[in-house]
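Let's take a walk through this fold from the inside out. Have the sequence and the coordinates open as you read.

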Amino acid sequence: MATFINSVVFGDALKDVIRGYEERWGFPNCVGSIDGSHIPIIAPNFSHGDYLNRKGFYSLILQGVCDHNQMFTNINIGWPGRVHDARVFVNSDIYFLGDDGSLLPNWSKNIGNTQMPLVLLGDAAYPLKSWLLKPYTGRANLTPAQSTFNYRLSRARMTIENAFGRLKGRWRCLQKRMDVDVEFACTVITCCVVLHNICESVRDLYKEDWDTEEDGEENDYQLDVQDGGDEGIQCAKALRDEIALAFCNDVF
């Protein structure tokens, strides 16, 4: 695996990210959005079946976290395409740091009747945590508060989908099969992410017809992670419920 961490997620720059998510995307105390994307490769000579993903092609998984400006702040590369996003996540540095409380500062914000900690935003493929919020599932049975929460989260989480789209739009080699070995493919992907951040930071020209919709379609192939009932999960669910109620009542 290869991991890249950008200092943008620390210090004063982190305050800019939080402010950006609140002012631009309407989600408070958010430090970023997380998702996974498949990068096509040739079948490796070893364990090639592990790299065959749900869409029927061989791939490496790029797990990425981005900020409000669609710049990557953390990536994890190298898991084979057959692996579920949740497994990649729970084996990544960002998960271990989050669970031991060292990932984010203890900056809370009063939202409705609760103190909301700093959070990442993920889709249904990720486990619910007090520091990682995901949408409610079961669309047919959602309450108005839950539907409002899902809408607000989805709107803010578009940043990671846009980041992947712009990454692949600029660097077309990430859209077609990469005819190199797995280790070198990880290096190529990392370089493309670094170059993406440079382009975004200087507002380099990006043409809308470069966009790709691949990453939005990939979500259809991800299974919902069923959250357990332990004390930590119950606290995370209660936190999400309070935030959802505040959103529905226009408290924030």
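A word on the ground rules before we start. This is a predicted model, in which local features need pLDDT of at least 70 and side-chain atom pairs count only at pLDDT 80 or more, while totals for chains, interfaces and linings use all residues. Residues are numbered from 1 along each chain as its sequence is written, and side-chain values use heavy atoms, with hydrogens and water left out.

Start in the middle. A nonpolar core here is a set of buried Ala, Val, Leu, Ile, Met, Phe, Trp, Tyr and Cys residues joined through side-chain atoms within 4.5 Å, and buried means under 20% relative accessible area (1.4 Å probe, protein chains only). The largest such core has 45 residues, and Phe 27, Leu 62, Leu 133 and Phe 149 touch the most other members. Its contributors of at least two residues each include helix H1 (11-25), strand E2 (30-40), helix H5 (182-201) and H7, but H4 gives the most, with 8 residues. Helices (H or I, at least four residues) and strands (E, at least two) are DSSP runs, numbered from the N terminus. In general, nonpolar side chains in soluble globular proteins tend to be buried together.

Now zoom in on Leu 133. Leaving out residues up to four places away in sequence, Leu 133 touches a list that includes Phe 27, Met 116, Phe 149, Leu 153, Arg 240 and Ile 243; contact means heavy atoms within 4.5 Å.

On to helix H7 (residues 231-248). Its 18 residues reach 26 Å from first C-alpha to last, close to the 26 Å expected at 1.5 Å a residue (that is, 1.5 Å times one less than the number of residues). Which residues of H7 are buried? They are Ile 233, Ala 236, Leu 239, Arg 240, Ile 243, Ala 244, Ala 246 and Phe 247. Strand E5 (109-111), strand E6 (114-116), strand E8 (132-133) and helix H4 (144-170) are among what covers them.

Finally, look at His 84, in the loop between strand E4 (72-80) and helix H2 (85-90). His 84 counts as buried, at 16% relative accessibility.

Technical notes. Buried means under 20% relative accessible area, exposed over 50%, partly exposed in between (1.4 Å probe, protein chains only).
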